[in-house]
Amino acid sequence: MEMDTQRRGLFWDVQAGRVPPPPAAVTLGWELVGVDPEQGTIEVAFQAGDQFANPVGVIQGGFLAAMLDDTLGPALVATLPEGQFAPTLDLHVQFLRPARPGRLLGRGRIVQRGKEVCFLAGELIGPDGRTVAVATATARIQTVRQ
């Protein structure tokens, strides 16, 4: 994927190395696979380590929810100009099947974008290509206070 180093804003500044990645994204093993700001879509990968597993050896749902939040949010944030961010107001996750430690693929998209409130959706896919969880979210575009 070719990186657009001319774009500015929180998402693009992290991708260009102008600012460090968020610690939560580092913990989740977040990796950009592809992004299309014009379409409002993103594809990211996560490295679900053994430290994310519950007592039966599958990834604990809170980590999957965090991965989905860190998929859907960037789909919107990648479209925002410098000085704006879009915190999640609501996140609804449905767990479809167990996720094992390893690489998980997140796909997110903007469903509808308003002036402030935006609706997002996406899924998390396991190494076998099967969807492990889906989510919808509501986010609110706002100006970042320095």
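**Close-ups of salt bridges and a pocket**

View 1. E116 comes out as partly exposed, at 42% relative accessible area. Bear in mind that everything shown here comes from a predicted model. The partner of E116 is R140, and the closest N and O atoms of this salt bridge sit 3.3 Å apart. R140 belongs to strand 7 (residues 131-140) while E116 is in the loop between strand 5 and strand 6 (117-125), so this pair ties together parts 24 residues apart in sequence. R140 is partly exposed too, with 32% relative accessibility.

**View 2. R8, D13 and R18 form a network.** Here, salt bridges with shared partners link R8, D13 and R18 into one network.

**View 3. E38 reaches R7.** These two make a salt bridge, with 2.8 Å between the closest N and O atoms. E38 sits in the loop between strand 1 (31-36) and strand 2 (41-48), and R7 is in the segment before helix 1 (10-15), so the bridge ties together parts 31 residues apart in sequence.

**View 4. E31 and R103 connect two strands.** The E31 and R103 side chains meet in a salt bridge, at 2.8 Å from N to O. Since E31 is in strand 1 and R103 in strand 5 (residues 102-113), the pair ties together parts that are 72 residues apart in sequence. E31 is partly exposed, with 38% relative accessibility, and R103 is also partly exposed, at 42%.

**View 5. The largest pocket.** This one has a volume of about 500 Å³. It is lined by 21 residues, and those closest to its centre are P22, A25, D70, P74 and F85. Which elements give two or more residues to the lining? They are helix 1, helix 2 (23-28) and helix 3 (61-77). Helix 3 gives the most, with 6 residues.

**View 6. What the lining of the largest pocket is made of.** Sort the lining residues by type and you get 16 nonpolar, 3 polar and 2 charged. Among the residues closest to the pocket centre are P22 and F85.

Terms used:
Residues are numbered from 1 along each chain as its sequence is written. This is a predicted model: local features need pLDDT of at least 70, side-chain atom pairs count only at pLDDT 80 or more; totals for chains, interfaces and linings use all residues. Side-chain values use heavy atoms; hydrogens and water are left out. A salt bridge is a side-chain nitrogen of Lys or Arg within 4 Å of a carboxyl oxygen of Asp or Glu. Helices (H or I, at least four residues) and strands (E, at least two) are DSSP runs, numbered from the N terminus. Buried means under 20% relative accessible area, exposed over 50%, partly exposed in between (1.4 Å probe, protein chains only). On a 1 Å grid over the protein atoms alone, a cavity is a set of points where a 1.4 Å probe fits but cannot get out, and a pocket is an open set with protein on both sides within 12 Å along at least five of seven lines; lining residues have an atom within 4 Å of a point. Grid points are joined across faces, edges and corners, and a volume is the space filled by probe spheres set on the points. Ala, Val, Leu, Ile, Met, Phe, Trp, Tyr, Cys and Pro count as nonpolar, Asp, Glu, Lys and Arg as charged, and the others, Gly among them, as polar.
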